Amino acid sequence: MEQKEMMHFAIKQVKEFSTGLRNVSRFVSDDFAFIRCIQGAEDLMHFLVNFRQPFRLMEGRIVYMRSGYIDVRVNLREIRIEPHQLVVASRGTVLQVLYVSPDCDLSMLAVSNNFMEDWQKEELLMSYLSGRLYLKLPLEEQEEWRMELMCTLMWEVMNDRPFPKETLQSLVSALFRQIECFCAQKQTKDSTRYTRKEEVFNRFLELVNKYAVRERNVSFYADRLYLTPRYLSTLIRQISGRTIMDWINEAVLQEAKLMLRHSDKLVYQVSDALNFPNASFFCKFFRRLTGKTPNEYKQEVWKKISDSE
């Protein structure tokens, strides 16, 4: 079966998948995309029909949810994007859409690094472009009004001719500065703070998402967090109800699914890429966690894709 190179969800796929949708207002160029309005689960799922398994963002995304909700898994953590929320995710973020409510209404912005090249970048924008940003932010009524204004202005400008790249660069920079202000205001108002244990857990998940493919020793993560392996193991279990190895295995499994789903690699090549001793060991690992062999999983996924096309 011929396979498609879809390991990454990039702007070019946004352009392909948004053609002809009734409820979508969009502008898509090679390195900049603004989907001003997607209404209803059917149109949103049209974007995601080939992504029922995890996928990795090639460029970052900003999603502003007006109504409805979406359940997603983001870098191993399950979250719900609810009405009146703003989500910013950098390139490299691994997503899996779990459910889309029928009444969803959202805007989405995708900006590549190339688009902002040679532009002065403030702290939040730099974090976004360097692959280090993920945040979910509730918006108050005034903040939503501000977001709508900025979306409207961006929409008006991007349809100018010739294409007003420098003006849009300014507006993207201003948008990130505004989001930074939203964050600062909420930190001032919000009396809730992460506990030390929660901070360690969040940092641990960042490390697991980054290193699990090649580092599966508890001591590695404990050393990075300046903790003893025993204390870190106890802390992770207390916070999440799961062991360190549960989280590491899930991250490795996620990468395995990405490779099996989105590349032409054979099972032994996936095994090598994920640093397993041999293909037999990898197959046992995969079957223990999924109930299927890697080949069974791959065939099942591609059958679903063929049936949907």
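Colleague: Which residues of α6 are buried?

Modeller: Val-200, Phe-201, Asn-202, Phe-204, Leu-205, Leu-207, Val-208 and Tyr-211. Keep in mind that this is a predicted model.

Colleague: What covers the buried residues of α6?

Modeller: The cover includes strand β7 (77-81). It also includes three helices: α7 (218-224), α8 (229-240) and α9 (244-262).

Colleague: Now the largest nonpolar core. Which residues touch the most other members?

Modeller: Phe-204, Val-208, Tyr-221, Leu-232, Ile-236 and Phe-282, out of 36 residues in that core. Helices α6, α7, α8, α9, α10 (267-273), α11 (279-290) and α12 (294-308) each supply at least two of its residues.

Colleague: Which helix gives the most to this core?

Modeller: α9, with 9 residues.

Colleague: Take Leu-232. What is Leu-232 in contact with, leaving aside neighbours within four places in sequence?

Modeller: Val-200, Phe-204, Tyr-221, Ala-222, Leu-225, Leu-227 and Ile-244. There is also a second, separate core of 34 residues. Phe-32, Leu-135, Leu-139 and Met-147 are among its members.

Colleague: Rings next. How many aromatic pairs are in the whole structure?

Modeller: The search finds 15. One of them is Phe-201 with Trp-247, an edge-to-face pair at 5.7 Å centre to centre and 65° between the planes. This pair links distant parts of the chain, since Phe-201 is in helix α6 and Trp-247 is in helix α9, 46 residues apart.

Colleague: Which residues do ring pairs link into a cluster?

Modeller: Phe-276, Phe-281, Phe-282, Phe-285, Phe-286 and Tyr-297. The charged end of Arg-216 sits over the ring of Phe-276, 4.6 Å from its centre.

Colleague: On to the strands. Why is β10 largely enclosed by the rest of the structure?

Modeller: Because 7 of the 7 residues of β10 (105-111) are buried. In a regular strand, side chains alternate between the two faces of the sheet. Both faces of β10 are covered. Asp-105, Ser-107, Leu-109 and Val-111 are buried on one side, and Leu-106, Met-108 and Ala-110 on the other.

Colleague: How many bridges join β5 to β10?

Modeller: 7, and the two strands run antiparallel. Tyr-64 stands opposite Ser-107 there. β10 also pairs with β3 (32-39), again antiparallel, over 6 bridges. In that pairing Gln-39 stands opposite Asp-105.

Colleague: What is the phi of Leu-76?

Modeller: Near 85°, a positive value in a residue other than glycine. Leu-76 is in the loop between β6 (70-74) and β7.

Colleague: Why does Leu-76 count as buried?

Modeller: Because its relative accessibility is 3%, and the cut-off for buried is under 20%. His-84 also has a positive phi, about 65°, although it is not a glycine. His-84 sits in the loop between β7 and β8 (85-89). With a relative accessible area of 37%, His-84 is partly exposed.

Methods
Residues numbered from 1 in each chain as written. Predicted model: local features only at pLDDT ≥ 70, side-chain atom pairs only at ≥ 80, totals over all residues. Heavy atoms only, no water. Buried < 20%, exposed > 50% of the residue type's maximum accessible area, 1.4 Å probe, protein only. Helix = DSSP H or I, 4+ residues; strand = E, 2+ residues; numbered from the N terminus. Contact = heavy atoms within 4.5 Å. Pairing = 2+ DSSP bridges. Core = buried A, V, L, I, M, F, W, Y, C linked by side-chain atoms within 4.5 Å. Phe/Tyr/Trp six-rings, centres within 6.5 Å; stacked < 30°, edge-to-face > 60°. Lys NZ or Arg CZ within 6 Å of the ring centre and 35° of its normal.
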